[in-house]
Amino acid sequence: MCGSFTANEWLIQRLETLSAVVLASSALCMVLLPSGTFSSGLIGMALSYGLSLNTYKELRKGIIDFKAKDRKKDSQSDDKRLGTLTQHLFECHENGCSPLTWKQRVTIALDVARGVEYLRSLAQQSFIHRDLKPSNILLGDDMRAKVADFCLVKNAPNGKYFVQTRLAGTFGYLAPEYAATGRVTTKVDVYAFGVVLMELITGRRALDDTMPDERSHLVTLFRRILINKENIPKAIDQNLNPNEETMESIYKVVELAGHCTACEAYQRSVWGTQSTS
């Protein structure tokens with residue numbers, strides 16, 4: 001399938017390639033609406049966020065075509081949802097689930113990034129999710145992920161770098177420039193994506209009130225870890241128990257997470273393209 005690549009190497013390469021779309025200013029969205037609310041949900045989104053009728057039609061047609069290609073799989077999985085990433089990453093023992101393997105975690109990250117690539121190919125506009133987090137990532141019975149919840153979606157008008165709006169979202173996933181100014185750009189979703197990657201690596205929540213203050217904020221803790229690569233093995237989720245090959249894969253995702261959560265929005269550059277060239 002992948003020539004001389006191992007499965008892990010191929011997954012990481014795909015993640016980095018799709019992340020280039022995220023880092024180049026794409027919205028992290030994948031439409032997931034219950035049957036019966038599909039059209040009305042899209043119409044509501046179009047009206048709420050000032051989308052043109054043509055854009056709405058493009059979204060609707062594209063999503064219907066996408067669902068038609070995998071209709072059988074979707075119809076089966078609709079009744080077999082396994083809950084959210086939150087339940088499987090942070091609450092697996094309470095819910096009687098097996099811990100996510102590293103391959104599953106990378107695949108979930110890939111699916112989130114693929115949602116960006118897919119939506120951007122439907123409409124030549126920038127959609128900003130504003131609330132990307134594990135509880136808004138739904139898992140099917142095959143452990144494939146889709147991003148949900150469009151309540152806070154914003155559409156950035158053509159030619160505008162940012163949209164001024166009231167602060168919304170979830171603490172721990174808010175990009176610093178958004179929290180400080182209320183100006184939202186597509187780089188806000190890039191930051192949140194990086195936080196989700198950190199959670200997949202460490203098995204820890206973005207904000208953990210059970211930890212001492214100096215360890216409660218995952219991004220701050222992660223930046224300290226990145227100072228010395230030797231700290232990384234101690235920080236990863238103990239459920240992973242990685243071998244040497246998996247550790248190499250983890251190091252790459254750690255680096256990607258660091259780039260996605262750069263303090264300054266302009267520093268969240270198109271790193272994915274550079275790393276796979």
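I begin with the cap on α12: N243 caps the N-terminal end of this helix, with a side-chain oxygen 3.2 Å from the backbone nitrogen of E245. Helices here are DSSP runs of H or I with at least four residues, strands are runs of E with at least two, and both are numbered from the N terminus. This is a predicted model, in which local features need pLDDT of at least 70 and side-chain atom pairs count only at pLDDT 80 or more, while totals for chains, interfaces and linings use all residues. Residues are numbered from 1 along each chain as its sequence is written, and side-chain values use heavy atoms, with hydrogens and water left out.

α12 itself has 17 residues and reaches 25 Å from its first C-alpha to its last, close to the 24 Å expected at 1.5 Å a residue; the expected span is 1.5 Å times one less than the number of residues. Among its buried residues are I250, V253, V254 and A257, where buried means under 20% relative accessible area, exposed over 50% and partly exposed in between, with a 1.4 Å probe and protein chains only.

I turn to the core. The largest nonpolar core has 54 residues, and L85, L197, I201 and I250 have the most contacts inside it. Such a core is a set of buried Ala, Val, Leu, Ile, Met, Phe, Trp, Tyr and Cys residues joined through side-chain atoms within 4.5 Å. Elements that each supply at least two residues include α6, β2, β3 and α12; α8 gives the most, with 11. Beyond four places in sequence, L85 touches F90, L100, I108, P134, I137, L139, V196 and L200, contact meaning heavy atoms within 4.5 Å.

Which residues does D111 touch, not counting those up to four places away in sequence? They are R144 and A145. D111 lies in helix α6 and is buried, with a relative accessible area of 6%. Its side chain reaches the backbone nitrogen of A145 at 2.9 Å.

Finally, D208 sits in the loop between α8 and α9. D208 is buried yet has no salt bridge, the nearest side chain of opposite charge being R204 at 4.8 Å; a salt bridge requires a side-chain nitrogen of Lys or Arg within 4 Å of a carboxyl oxygen of Asp or Glu. The D208 side chain does make a polar contact with the side chain of T210, at 2.5 Å. In α9, S216 is buried as well, at 16% relative accessible area, and its contacts beyond four places in sequence include R204 and D208.

Definitions and conventions:
Lys and Arg count as positive and Asp and Glu as negative; His and the chain ends are not counted. A polar contact is a pair of N or O atoms within 3.5 Å; within protein, one must be able to donate a hydrogen and the other to accept it, and residues adjacent in sequence count only if both atoms are side-chain atoms.
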